[in-house]
Structures are given as structure tokens and as C-alpha cells.
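Dear colleague,

Please find below the structure that I am handing over to you. My notes on its pockets, backbone and aromatic residues follow it.

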Amino acid sequence: MTQFFSRYRRQWFSDARTARHDIMAGIVVALALIPEAIGFSIIAGVDPRVGLYASVAIAITIALIGGRPGMISAATAAVAVLVGPLVRDHGVEYLFAATILMGVVQIIAGLLRLDLLMQFVSRSVITGFVNALAILIFMAQLPQLTNVGWQTYAMVLGGLAIIYVFPRITRAVPAPLVAILLLSVLSIGLGLPVHTVGDMGRLPEGLPSLALPQVPLTWDTLRIILPYSVTMAAVGLLESLLTAQIVDDMTDTDSDKQRECMGQGGANIVASLFGGMGGCAMIGQSVINVTSGGRGRLSTFVAGAFLLFLLAVLGPWVGRIPMPALVAVMVMVSIGTFSWASIANLRRHPPTSSAVMLATVVVVVATRDLSLGVLTGVLLSGIFFAAKVQRMFAVERSEVDGRATYRVTGQIFFASVDRFTRAFTGEESATHVLIDVSGAHFWDISGVGALDKIIARLRREGRMVEVVGYNRASADIVDRFALHNKIGVETGAVPH
């Protein structure tokens with residue numbers, strides 16, 4: 001317990017320099033969260049304050065109880081696109097109730113260690129996920145770059161120049177923050193005809209209040225919200241765990257994925273109680289945070305707290321921030337997020353790995369559904385892996401003095417049983433057959449069933465059959481599920 005609190009304290013305040021970087025990075029993230037939260041509120045069909053208050057509550061809460069320091073969580077498009085029909089058909093109060101249940105489902109998922117399922121997501125899927133999100137982040141900026149004057153394009157280019165050149169002068173202040181401040185001063189001072197944050201929607205005034213959702217506590221309510229809650233929980237956890245892995249790689253540190261699952265659940269419950277929608281980790285804002293120097297929990301907390309300060313105190317000024325400044329920051333994020341090495345790796349990596357990566361990108365970009373893209377990548381990875389293992393299989397036959405020996409090597413499971421069975425379908429002239437499986441491994445009941453089938457056919461032909469060389473795991477599954485050794489056929493199996 002002492003170790004836990006010591007590590008937790010270091011995740012907040014390791015030293016003064018780190019704390020300063022966390023604070024500055026959190027301020028940048030807070031500014032970048034505003035247009036995103038407003039846009040996601042519009043997607044969900046709710047008032048902008050629902051997304052903004054959600055971003056405040058989720059960021060502050062996850063900073064306290066999450067498992068990945070430095071990762072930013074807030075209202076997200078991945079969740080917003082799911083709840084439109086619920087809000088349209090039943091109202092925003094049902095959204096709040098569904099978000100509470102979403103949090104409960106995520107806490108249960110954490111307790112059940114469903115985070116371990118991430119072990120089945122290959123590196124190719126993660127790369128495809130990252131590239132797809134980079135493309136989506138860039139595409140999300142295009143509406144701000146169409147049907148606008150030359151001033152907008154000039155400000156975006158100027159913002160990008162500041163972002164990439166300013167770090168050569170000093171890294172004491174994050175370049176994105178400098179770009180936002182300078183372009184805001186320029187836009188307000190000259191009265192430039194560009195879109196502003198206030199054009200996206202009315203910013204809330206004052207602080208959010210704590211309240212329970214005003215819905216009837218009946219089975220009908222549960223029937224309505226449960227499908228939405230489970231879907232939101234699954235999508236939110238998937239994006240959060242993938243983003244956590246990406247931040248792990250960017251910072252060369254590890255994180256507590258189980259705690260992150262439960263933390264996401266707690267954060268969503270808090271968000272709903274303060275009139276917010278559900279959310280999850282945001283890869284774009286997390287990249288902004290990390291590249292701006294944010295590493296600890298303090299950066300995430302400052303992002304939420306400073307966003308609340310902006311909304312409650314500086315609302316009118318925040319509304320005047322030019323959108324081109326934020327577009328420049330998000331374009332920088334899309335460029336930095338995309339794995340440019342993956343393009344060169346298309347020729348160097350195995351074709352199956354490249355196919356998985358490209359399929360993930362295509363499905364995510366085409367459907368805007370992150371979970372569907374990742375599911376496609378995982379299924380393809382599983383199929384390619386099974387096909388690869390299936391080919392790593394061989395049966396060699398030799399015969400001495402009327403005694404045939406079949407030496408089986410490789411993995412025997414559902415994908416290889418057909419080849420395993422066909423290896424014994426030839427005409428057998430020997431009276432005694434020895435099946436040596438010392439170089440093989442039986443994985444499932446399909447493999448055991450195939451062995452039963454082979455032995456049964458040879459016995460019907462009057463052959464004496466002996467099986468030797470099971471390893472311990474194969475011997476266990478054969479003893480439990482095989483039939484041939486339960487009807488008097490001698491296997492001669494000696495586990496080793």
C-alpha cells in the first residue's frame with residue numbers, strides 16, 4: 001500500500017519542471033477540447049454544454065482514478081454517434097441515465113479483467129487504428145477550410161509555422177499554446193473575417209450542478225437504455241485501451257489497464273451526474289498533451305479544471321478564439337499521429353500484416369466506426385494466424401518389417417484436422433501402426449476427434465494401433481475427451 005501511494009504521488013508531482021510542463025500542456029488541451037466538445041454535442045443532438053460539462057467532469061475524474069497518467073479523456077465522437085437515436089426518441093434525461101449505466105458496465109468489465117482482451121489486438125491493428133484516427137482528425141478539420149476566405153488559410157499556415165518553428169527557439173512554453181494566443185491576438189486586434197469558437201455554438205455560463213437523471217426507475221427504462229449503455233461502454237473501453245497503449249509507446253512507460261477500465265466507468269458516472277454525456281480517451285488530445293510535455297496526472301486535471309475556468313469566467317473571450325488557430329493544432333496532431341513509417345513498412349513487413357493494417361484503416365475511415373475497424377483487424381489477424389499455424393504441420397510415414405510409423409509434427413486444431421485426417425486415408429498395408437505425436441500438440445476437441453476417427457478406421461481394417469509421445473497438455477486433453485482410449489484401445493501414451 002505504501003508503494004502504491006508513493007507511485008501515485010509521483011504521478012502527480014515528480015518535480016517542479018515536470019509540473020510546469022504538465023500545467024502548460026493541460027492549458028493547451030483545454031483550449032483544443034472546446035470546439036471538439038461542441039461538435040460532439042451537435043452530433044449527439046444535445047445542447048453544447050452537455051459535451052463541455054462532460055469533458056470537464058471526465059478529465060478531472062480520470063486524472064484522479066484513471067490508470068494511464070497523461071492520457072486525456074473527455075466527450076468523444078465515438079460515443080456521441082451512438083446516442084443520437086436515444087436523445088431523439090426519449091430525451092436527454094435518458095442519455096444521462098444511459099451514461100450512468102455505461103459507467104457501471106465499464107467498472108464491471110474492469111473487475112472481470114476484460115482489459116486482458118487487448119492482448120489479442122496485434123501491432124498491425126494498433127497501427128491501422130492510429131492511422132485511421134489521424135485521417136479522421138484531418139478530415140474533421142475540412143469543414144473549417146471550405147468556403148472561407150484567404151485569411152483562414154493564411155492563419156492556418158501561420159499557426160503551423162509557429163508550431164514547428166517555435167520549439168527551435170524555446171521549449172519552455174508549448175508551441176501550440178503560443179500559436180493559439182498569437183493568432184487570437186491577431187484575429188481580435190485586426191478584426192479578421194474568420195470563424196470563431198463562438199460560431200460553433202453557445203457556450204454555457206456558470207458552473208454545472210449535481211442532479212440525478214429524471215427518468216422513471218422501471219424495467220421499461222432499463223430495456224430502453226441497456227443496449228445503448230453496453231454499446232457505449234464497449235466502444236469507450238476499446239478506444240480508451242488502444243489510446244492507453246499508444247500513450248504507453250509514446251512515453252515509454254506502462255499503465256494499469258484494469259484500473260483505467262474502472263476509472264473510465266467512474267468518470268462517466270460523474271459526468272452524467274453533472275449533466276454531461278459519456279466519453280472516453282481521446283487520441284488527438286492525448287497526443288497534444290504528450291507532445292506539449294504533459295506526462296502526469298496533473299496535465300489531465302489541469303485540462304479539465306482550466307476548461308471549467310474558461311467556461312465559467314472567460315466565456316466571452318473564449319468564444320472569440322479563431323477556429324483557424326485550433327485547426328492548425330489539430331492538423332499538427334493528425335500529422336504527428338499518423339505512422340509514416342507504416343508506409344515504408346508495407347513492402348518490408350509480411351503481406352498479411354500489411355493487409356490487416358490497411359483493412360483496419362479502410363473500415364474505420366469508411367464507416368467512422370472505430371470498434372468495427374478494430375474488430376475487422378482482429379478477425380483478419382486471427383484468420384491469418386490460424387492459416388499460418390495450419391501450414392506448420394506435417395505427417396511422415398516410414399515402414400520397417402510390416403510396422404508403419406507415422407511421425408506427426410505441428411499443431412493439431414480445428415484448422416489442421418482436415419490435413420491430419422487426409423494423411424491417414426491412403427491404403428495401409430502394415431499390420432501394426434505406430435502414431436508418434438512427440439512433435440505435435442493437440443489444442444482442442446477437433447484435434448482429439450480427428451485422432452479418434454483415424455484410430456477407429458484403422459481398427460476396423462484390423463490394424464493394431466499405438467499412439468506414443470503425447471506432451472503433458474496433449475495427454476490431458478486426450479484423456480478427458482478422446483473415445484478411442486475408453487473402449488479398450490491401447491494408446492501407449494507416456495506423458496513427458
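Where in H9 does a kink lie? It lies at isoleucine 225, shortly before the proline proline 227, and amounts to about 40 degrees; the bend at a residue is the angle between axes fitted to the seven residues ending there and the seven starting there.

Please note that this is a predicted model, in which local features need pLDDT of at least 70 and side-chain atom pairs count only at pLDDT 80 or more, while totals for chains, interfaces and linings use all residues. Residues are numbered from 1 along each chain as its sequence is written, and side-chain values use heavy atoms, with hydrogens and water left out. Helices (H or I, at least four residues) and strands (E, at least two) are DSSP runs, numbered from the N terminus.

Helix H9 (219–251) has 33 residues and reaches 46 Å from its first C-alpha to its last, close to the expected 48 Å (1.5 Å times one less than the number of residues). Just after H9, aspartate 252 takes a positive phi of about 55 degrees.

Pockets

A pocket is an open set of points on a 1 Å grid over the protein atoms alone, where a 1.4 Å probe fits, with protein on both sides within 12 Å along at least five of seven lines; lining residues have an atom within 4 Å of a point. A volume is the space filled by probe spheres set on the points, which are joined across faces, edges and corners.

The largest pocket has a volume of about 780 Å³. It is lined by 31 residues, of which Glu36, Phe40, Ala77, Leu136 and Ala140 are the closest to its centre. H2 gives the most to this lining, with 7 residues. By class, the lining has 22 nonpolar, 6 polar and 3 charged residues (nonpolar: Ala, Val, Leu, Ile, Met, Phe, Trp, Tyr, Cys and Pro; charged: Asp, Glu, Lys and Arg; polar: the others, Gly among them).

The second largest pocket has a volume of about 660 Å³. Of its 31 lining residues, Arg123, Ser124, Thr127, His349 and Met357 are the closest to its centre. H17 supplies the largest share of the lining, 6 residues. This lining divides into 13 nonpolar, 14 polar and 4 charged residues.

Backbone

Most residues other than glycine have a negative phi. Arginine 113, in the loop between helix H5 (92–111) and H6, has a positive phi of about 60 degrees. This residue is partly exposed, with a relative accessible area of 34% (buried is under 20%, exposed over 50%, partly exposed in between, with a 1.4 Å probe and protein chains only). Aspartate 401 has a positive phi of about 50 degrees and lies in the loop between strand S3 (393–400) and strand S4 (403–412). Aspartate 401 counts as exposed, at 79% relative accessibility.

Aromatic residues

The structure holds 11 aromatic pairs (rings of Phe, Tyr and Trp, the last by its six-membered ring, with centres within 6.5 Å; planes under 30 degrees apart are stacked, over 60 edge-to-face and the rest tilted). One of them is the tilted pair of tyrosine 406 and phenylalanine 424, at 4.5 Å centre to centre with 35 degrees between the planes. Tyrosine 406 is in strand S4, and phenylalanine 424 is 18 residues apart from it, in the loop between helix H18 (417–422) and strand S5 (432–442). Tyrosine 406 is buried at 6% relative accessibility, and phenylalanine 424 is buried at 3%.

Yours sincerely
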